[in-house]
Amino acid sequence: MTENHGRLADNILYFARALRAAGMPVGPGAALDALEALCVARIGNREDFYWTLHAVFVKRHEHSVLFDQAFRIFFRKRGYIEKLIAAMLPDTPGYEPKSPPPGAQRIQEALFSDLNERARNSEVEFDARLTVSDREILRKKDFAQMSAAEIDETKKAIAELALPLDELRTRRLRSSRRGHLIDLRRTLRASMKAGAAVIDLRYLGPSMKEPPVVALLDISGSMSQYTRLFLNFLHAVTDSRKRVITFLFGTRLTNVTRAIRARDPDEALAACSAHVVDWSGGTRIATSLHTFNKQWARRVLGQGAVVLLITDGLECDADDTLSFEMDRLRRSCRRLIWLNPLLRFEGFEARAKGVRAMLPHVDELRPIHNLESMTALVRALSGAPAKSYDPRALLRQVA
Amino acid sequence: MSPLPTSIDATLGLLAKADYIADRSLATVLYLALKMGRPLFLEGEAGTGKTEIAKVLAATLGRKLIRLQCYEGLDISAAVYEWNYGSQMIAIRLAEAQGEEDRSRIEHDIFSERYLIKRPLLQALEADPNGSPVLLIDEIDRTDEAFEAFLLEVLADFQVTVPELGTVKAADPPIVVVTSNRTREVHDALKRRCLYHWVGYPDAARELKILRAKVPDIAKKLSEQVVDFVQALRKEDLFKAPGVAETLDWASALTELDVIALDPATVSDTLGVLLKYQDDIARFDQTKVKSLLDEVKSGLRAAE
């Protein structure tokens with residue numbers, strides 16, 4: 001049994017590493033805890049085994065899916081472990097392999113990299129830094145086919161944006177050294193300590209808060225190679241901030257805010273896809289904006305919202321309504337930023353009718369097609385609108 | 001103090017007593033809220049009578065109405081309690097002048113109920129000889145999420161914690177009505193604790209009843225025309241459709257102007273009472289108003 005125990009310990013460690021590679025925050029302590037838990041729990045069957053490990057490794061609800069996947073694949077792929085488990089567990093129920101749910105790709109990869117590593121029996125450090133050309137590939141690649149490393153890399157890069165989006169002064173007060181209002185409650189408390197002869201004044205100042213971000217993302221055919229990346233970007237933004245509201249539009253408007261809140265990007269994107277019926281179809285920007293203005297603007301644009309409108313502006317039936325709806329949109333939000341991937345082309349000119357209709361109404365027009373432009377966007381959001389992205393300059397060029 | 005209604009019909013009757021013509025779904029959810037002691041969360045467009053429900057409830061049940069109007073920056077000191085710092089300062093000086101040395105004693109004295117200023121939420125938890133009060137938390141979407149989170153404790157357990165005093169718990173929970181205009185989504189956690197109801201625009205028959213109850217001296221023909229015109233207007237593609245409050249305002253305005261029947265000119269002149277957005281008003285020029293009015297009139301003639 002001691003030998004078995006030794007191999008169990010090894011395997012738990014490998015399992016923990018696999019979970020870590022799949023993106024779960026599993027530290028070495030968790031592996032030790034797991035071993036201890038397995039010893040204490042006196043495993044009777046596979047289910048107990050599963051839930052014991054689950055109890056130790058899973059700290060967030062979102063990770064449950066990843067864990068489940070990892071567990072199934074890990075204990076299937078390795079026959080010899082199966083034997084080991086079988087030795088410990090008298091009745092191992094078989095199971096049917098199903099089509100891989102979201103997350104499966106990442107787990108599989110995590111486990112395989114683990115296996116290869118072991119096979120080579122060397123300390124191969126996975127080089128996670130990508131070269132420029134890799135990044136170029138990353139940009140065009142479908143997220144569904146991305147490897148764990150690539151998702152990880154994109155996520156890391158996006159997370160490094162740190163999102164120091166602008167802060168707004170709220171009407172709520174909090175204690176502050178440089179405040180202008182006397183905080184009577186704390187002043188009284190302080191002078192109770194010091195004796196009433198000395199009054200030590202404390203102050204209140206306005207507290208700051210990040211304004212809500214409302215993203216309107218075009219998912220029509222002409223944008224298809226970017227949408228996944230942008231969705232991931234929006235997922236990262238949603239991850240780090242509370243108030244991000246995301247809409248997708250092609251021929252109709254869909255609110256995917258809830259779907260995109262899933263912690264795991266695969267799950268979030270899958271949930272988004274399930275919600276939307278008009279992937280990679282045509283664009284009806286004016287109609288979509290009309291729906292937004294009428295049904296959502298008043299619900300989501302309060303409290304100084306910033307609107308990110310992500311579209312190439314290639315509208316088939318551009319007429320006055322588009323201009324009208326853009327105008328209304330700009331009047332209902334604090335700042336309207338148009339992110340246009342077409343702007344990556346040198347010498348982009350505002351010739352398309354839709355573009356010309358929309359340009360006069362945006363506060364800023366920025367490119368967004370790779371990680372650099374995303375970084376620039378985030379930096380820009382924290383400050384005043386940049387002169388170089390003034391939409392009127394582009395209009396003047398054409399006129 | 002009147003007893004709580006014992007059935008949905010009784011609830012409808014209770015509201016009708018105060019000229020509030022509710023539909024059955026609203027009466028049902030209100031009855032359940034009263035029966036189960038759960039807060040009632042009313043959401044809907046502006047001017048559909050959400051706030052009115054709390055007022056009517058308080059009036060017909062003979063309870064005290066405590067209103068907490070939410071606004072951005074609403075905090076504990078404006079919503080729950082505040083200490084009377086001036087009096088506290090004086091009390092400290094007096095105690096020291098009298099040679100009171102024991103600091104903890106002074107502290108105990110000044111943080112007593114005597115120096116506590118009660119704001120709406122704390123008031124609502126107090127026992128009242130007329131029965132527990134009606135607490136109206138109006139336009140909750142105007143506050144921020146932090147205040148919403150604070151409300152969770154109040155609405156779930158009907159208790160409030162004042163650090164210096166301890167926890168204040170309502171012996172008899174208040175009747176809570178929360179309203180929202182949906183300028184922001186209220187968090188699920190708060191909604192989960194409440195019974196939810198969407199207050200929509202009334203249908204023509206109910207709106208006519210409401211109009212006649214609220215503006216009793218309106219001419220019969222005019223009231224029909226007003227209601228049908230507003231109902232037709234709501235079907236148009238407007239940025240903001242007129243609410244019941246607008247219908248009532250318009251009806252009173254027309255009565256003040258001694259109008260007995262609608263004509264296109266009067267409608268155009270008074271359209272500002274119904275429509276509050278320039279785009280909407282601009283879309284309704286004379287000809288459009290005339291055609292809509294003709295439709296309404298011919299509809300009414302056909303019904304006769």
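The model is predicted; local features require pLDDT of at least 70, side-chain atom pairs count only at pLDDT 80 or more, and totals for chains, interfaces and linings use all residues. Residues are numbered from 1 along each chain as its sequence is written, with chains lettered from A and ligands numbered from 1 in the order in which they are written.

Chain B is assigned domain 1 (8-72 + 124-199), domain 2 (82-113) and domain 3 (204-303); the bounds come from an automatic or database domain assignment. The C-alpha centres of domains 1 and 3 of chain B are 32 Å apart. Eight residues of domain 1 of chain B contact nine of domain 3 of chain B (C-beta atoms, placed from the backbone, within 7 Å). The domain 1 side has two nonpolar, three polar and three charged residues. Ala, Val, Leu, Ile, Met, Phe, Trp, Tyr, Cys and Pro count as nonpolar, Asp, Glu, Lys and Arg as charged, and the others, Gly among them, as polar.

In chain B, helix 11 (residues 220-235) packs on helix 15 (residues 286-303) at about 125°, with axes 9 Å apart. Axes are lines fitted to C-alpha atoms, for helices over the stretch in contact, and angles run from 0 to 180 degrees between N-to-C directions. Helices are DSSP runs (H or I, at least four residues), as are strands (E, at least two), numbered from the N terminus. The two helices of chain B are therefore oblique to each other (angles under 35 degrees count as roughly parallel, over 145 as roughly antiparallel, 65 to 115 as roughly perpendicular and the rest as oblique). Contacting residues include B:F229 of helix 11 and B:V296 of helix 15.

Between chains, 13 residues of chain A meet 16 of chain B. The chain A side comprises five nonpolar, two polar and six charged residues.

Terms used: Two residues are in contact if their C-beta atoms, placed from the backbone, lie within 7 Å.
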